[in-house]
Amino acid sequence: MNLRTTALQWPVLRQLRGGDPQALGAAAQSRHSADLRPRTETAQKVVKSICPYCAVGCGQNVYVEDGRVTQIEGDPDSPVSRGRLCPKGSASKQLVTGPSRQFQVKYRRPHGAEWEDLDLETAMDMISDRVIKTRRETWQDEAEGKRVNRTMGIASLGGATLDNEENYLMKKLYSAMGAIQIENQARI
Amino acid sequence: MAECHPVGFQWVMEAKAKGAKVIHVDPRFTRTSAVADLHVPLRAGSDIALLGALVNYVLSEGKEFREYVVAYTNAATLVGEDFRDTEDLDGLFSGYDADKHIYDPSSWQYEGSEVAAAAGHRDAQYSDRAGEDSSEGQQRSGGGQSHGSGGPSISGDPERDETLQHPRSVFQVLKRHFARYTPQMVEEVCGVPQDVFRQMAEAITANSGRDRTTAFVYAVGWTHHTVGVQYIRTAAILQTLLGNIGRPGGGIMALRGHASIQGSTDIPTLFNILPGYIPMPHAHRHENLADFVQADAGTKGYWGNMPAYTISLLKSWWGDAATADNDYCFDYLPRLTGDHGTYNTVMRQIDEGGGGYFVVGENPAVGSANAKMQRRGMANLDWLVVRDFQMIESATWWLDGPEIETGEMRTEDIGTEVFFLPAAAHTEKSGSFTNTQRMLQWHHQAVEPAGDARSELWFYYHLGRIIREKLAGSTDPRDRPLLDLTWDYPTEGPVAEPSAETVLAEINGRDADGNPLSAYTALKDDGSTSCGCWIYCGVYADGENQAARRKPGQEQSWVAPEWGWAWPANRRILYNRASADPAGKPWSERKAYVWWDEDQGKWTGHDVPDFQPTKRPDYQPPDGAKAEDALRGTDPFIMQSDGKAWLFAPAGLTDGPMPAHYEPEESPFENAFYAQQSNPARETHSRPDNRYHPSGDKPGSDVFPYVFTTYRLTEHHTAGGMSRFQSYLSELQPEFFCEISPELAAERGLEHLGWATIVTARTAIEARVLVTERMTPLTVRGRTIHQVGLPYHWGSNGLTTGDAANELVSIALDPNVHIQETKAATCDIQPGRRPRGPQLLEYVAGYRQRAGIDELTGTEANRR
C-alpha cells in the first residue's frame, strides 16, 4: 500500500470512507506498519525440523538466512501438530539463538576457584586420557567371584533430550569401554 | 495434559467437540481441569485406591467386555495352588522375605506351566535355573524398561477355564482381590466423594464396549511413586477388562516429557537394557550366549526370536570380529551385579568417590531427587564432563551451589576437575527423535553450530576415535572390545560431523550382502544379519530414511502412516489385531481398524496389522511350533508368550502379581486397606543425607502434617536448562512459587505473594506464595488434608532463579524401575523466608529432632 501523507490519509477519514468501518485493518495501518515485512520473507531456505521440548513431537519450520536461524514456526503439514506450537516451542528460536548460550569450552581445574577457557581439541584429548586412565584403574575382571569385565569408575547421565543416533553411539561406546552406569531422564 | 503437552491436547478438545467426555484426575485444578467435563481432585499417592475401585465396579457390576476378556486375556487361566493374596496375608502376597524386603515370585505362577521372568529379569534369575546362588543384587536389579517391548515368557500350556468360574481362575482371583476397593474406600482414602466416583465409573463403563472406547492418559504423576509401576498395571487391568487395548480411541497413553525420552528407552542410555529391550547380561558363572538366550529360544511369541535380535546386535557392534566361534563377542559385554541405576551411582560417588561422570543434556543438581546428594556425588569425583547449551547448576555447583552458602563445602576443597563443553542444538544437527507414540521423526540440520558447540554424535564419535587411536597396538585383552568395535562412520562438513544417516542405517540393520533390511522378521541367528536395534528395523527400508517422510497430514488418511515411521514396522496402534473379534471381523463398524480379509487371505485395514499378515483367525499352532508360530490366530498380544493381555502377572514384577494400594513412603495416614503400610518391596536408602519422615500414627508424623507434590508448568521445561535462560519464557513464569489453598493459608498465616518456607527432613526451601482455590482441601479418613503444589523447574542460574523443589525430595524408589517418589511426600510449611547459611542446617536438624527421626524411620518392613 502506498500511503501518501496527505490529509486524506488520516485514519479517521479512511475509516469513514468505508471498507473498514471499525478501523481494525487497512484504516488503522500506518506507514510504518505498512512497510513491515515478515522476517520469514527473506529466508533463503526453510528446513524441516521437530520441536526439541516435550515428546508430542510437533513439526517445526526453521527459517535460515545467511547461515543463521531467523525464525522457527509450526509446520502446518504435521499430522501431529497441524502447525501449532506451545509457548516453549514458540520460544525455540530463542533457545537456539539466545544471548546466554555457551560456545566456549570451559575448564575448572581441581580445587580451582574459577573457569578457564580451554581449546576444544585439548579438551577432547584430556577427556580421552581420563577415560583411559580411570578405566585402567577401576577395571574389574571379576566381582563376587564372577566375570564382569567392567569399570565402575565411569558413569553417564543424559539421553532423553538427544537423538536416537546419539544414544546409539553412547551405549555402544560405553558398553565397549565396560561402563555400565549409563542412565538418562527415563529413570527420573 | 493441557499444561504439559498443550499441542497434543488439541486432539482431546477435538474429541470433546465430537461428544467425548473428558475427566481430569489431579490434586490441583489446571488448564486441563478448566475444559474438562469433570475435575476430580484426589490425595496425591492414592490412585490405586481409585483405579482399583473402578476395576471392582466393572467386575461387581458385570461391566467387562466379556467376549474380549475371555478370548484375549488371561482371565481364564488358572493360578497355582501355592499363591496367596493380600486378602490372605493382610497386605502381602506370598513369597515375601521380611529380612531382605524382597519377593520370591515363584508362587505367583500359573497352574501347569513354568513361568520364566520377564526379558530383563530372565537373565537375573539365571542362577535359579542353573542351581547357582542368586544374590539379592541380581533380584534387586529389576528391569521395568525391559517390558517396553513385551512381557515375560512362560512355557507349557497353562490350564484354563473358559467359563471364568474356577475359583483359581485369574478372573475370580482378581474379583476377590479387588472386592475391598469400594466407593466408600475411595472416599475414605482418596478424598473423592462417592457420587463423584460413581459419575466417573458410569462414564467410563458406558463409553466402553463394541461401539465405544475410552482412553487413559498419564504422565509421571503416576510413575513417580514407590508403587508407580503398579499404578500403570491397575490402569492396564481396567482397560483390558473394558476391551480398550489395541483399538482406536483406546489404550493407556504415556505422555513423555522429553523430545526423545521414548527413543532413549528404545535405544537405551539405561543400565539394565540393550537396544530393543534385550536385557543387559548379569554376572554368572559359566554363562555363554546360548545360556543367555536360552530362556527365550523355543518359547512362544516374538521374544522367541531373541537369539536373532541379540546376535544381530552383536554383529553390528563388533562386525567381522563377532563370529560363531567366539559367541559373537558376547563376552565383550560388561556384566551387571545389581541395581546400577542413577541413584545407586550417586550414592557410590558419595561413599567411594573417584572416577568420572558424563552429564549430557541433563541437570541432576536441579532435576533429580535429593539434589544435595547429586551435588555431593559430583563433588567427590576425579572428573566431570558437562555438555549443555547453558551454564546450568550441574556445571557450577562447585562455585555457587547451595552447599557453598551453608558452608558444607568450600570451593578450594573440591577436587573435581570440571569440563564444560557447549552442545549443538536440534537446528544444528540432523537426527531422529522418537515421540511419545513411538514415532521417529527426523529433524534436518539447518545451520552449522557456532564456536565450540558440537552435537553429542560428534562428541561420542570423536571421543571413541581418539581413545581407539591412543589404544592402537595395545595387547591388553581388556582393550579388545574397544579396538574391535565397528567405529568407521563417515564425517562431513566443516566440523567433521559424523553422518547421522549412516548411524540410522546401522541401527536399521543389513543383510548378508550389506543391503538395508526392511523388517525385523528378516533377522537371522546365524550371524548373517546385523541390526543395531531390532524394533527399529525397517526405519531405513529400501535405503530410504523413513523417519524423514513428510507427506502432509491433509493429504493422507487419519492414521497418517506416511508421516515419520513408528516402531515396530510402522504400526501406529500396538496389538491392533484386538480391534477385530476372534473371527477377524471388526467389533463394530464404528471402531473398525484392522480386520481379516478372507478373499485376499490376509489381515488388512487402516494401519499395518500387528500380526502375522496371513495367519488366519482360526489358525491353531501345530505341535512343536515356536515363537510367533506358536500363537493362535486369536492371540493378539504377540509379544506375550501366551499371546494374552495379562490381568494377573505371574512373573515380571518385583512387588506383586496384582496392584495393591500402599501409602507413599511418607504419608499422614495409616493404610486403610491393609496392615501393610507401604510397598513392602520398595527401595529405601536411609542415610544422614536422606532421612525419611514418620508416617501415619507414628510419633512425630505431625511435625510434617502436609502432603506436597511436584509438577511442571507450560512455560518451563524440566530442570530449566532449556527455559530459565530465555527471556520470553522467564517473563511468562518469573518466579518459583508454591500453590496452596486459602484454608491452608489461613491455618499457617501465609500471605498471597509473600514468602513461604517448605521443610522436610532433607532441607528447607523458600518460594513465593500463590494462594488459590485451584488447590482443594480434601477430607480423608475424617480429617482435612492440605496439599502443597511445587513446580520443580527452578535453580540458582538463569534469568529467573529460585530454590529447587527436588531439594526436598528423598530417594525412595519403586522396586521395579528404581524411580523416585517425587509426587507424594510430607512436609511442613511456614511463613517467611528460609534461614541462610549454617542456620539452615540447624533449622532442618531441629525438625528432624522434633520428629524423632533416626536411621530406622520409614525403613521398616512396615508390619504395624
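User: What stands opposite B:Ile758 in β25(B)?

Analyst: In this predicted model, B:Ile765 of β25(B) is the residue across from B:Ile758.

User: What makes β24(B) and β25(B) paired strands?

Analyst: Two strands pair if at least two bridges are found between them. Five bridges join β24(B), residues 755-759, to β25(B), residues 764-771, so the pair meets the condition. The two strands run antiparallel, and they form a hairpin with four residues between them.

User: How do you know that β24(B) also pairs with β30(B)?

Analyst: The count between β24(B) and β30 (residues 825-831) of chain B is four bridges. At least two are needed, therefore these strands pair as well. They run antiparallel, and B:Ile758 stands opposite B:Ile829 there.

User: Why is strand β24 of chain B called mostly covered?

Analyst: A residue is buried if 20 or more other C-beta atoms lie within 10 Å of its own. Four of the five residues of β24(B) are buried, which means that the strand is mostly covered.

User: Why are β14 and β18 of chain B called edge strands?

Analyst: Three strands of chain B form an open sheet in the order β14-β15-β18, with antiparallel pairing. β14 (431-434) and β18 (565-566) each pair on one side only. Pairing takes at least two bridges; β14(B) has four to β15 (residues 439-443) of chain B, so that pairing holds. Within it, B:Phe433 has B:Gln441 as its bridge partner.

User: How do you know which strands pair between chain A and chain B?

Analyst: Strand β7 (residues 146-157) of chain A and strand β11 (residues 356-360) of chain B are joined by four bridges. The condition is at least two, so β7(A) and β11(B) pair. They run parallel, and A:Leu157 stands opposite B:Val359.

User: What makes a residue part of the contact, and how many residues does each chain give?

Analyst: Two residues are in contact if their C-beta atoms lie within 7 Å. The contact takes 98 residues from chain A and 129 from chain B. On the chain A side, the largest share, 13 residues, comes from helix α6 (residues 164-177). By class, that side has 48 nonpolar, 27 polar and 23 charged residues.

User: Which domains is chain B divided into, and what separates the centres of domain 1 and domain 2?

Analyst: Chain B is divided into domain 1 (1-40), domain 2 (342-480) and domain 3 (683-850). Taken over C-alpha atoms, the centres of domain 1 and domain 2 of chain B are 37 Å apart.

Definitions and conventions. Residues numbered from 1 in each chain as written. Chains lettered and ligands numbered in written order. Predicted model: local features only at pLDDT ≥ 70, side-chain atom pairs only at ≥ 80, totals over all residues. Domains from an automatic or database assignment. Buried ≥ 20, exposed ≤ 12 C-beta atoms within 10 Å, placed from the backbone. Nonpolar A, V, L, I, M, F, W, Y, C, P; charged D, E, K, R; others polar.
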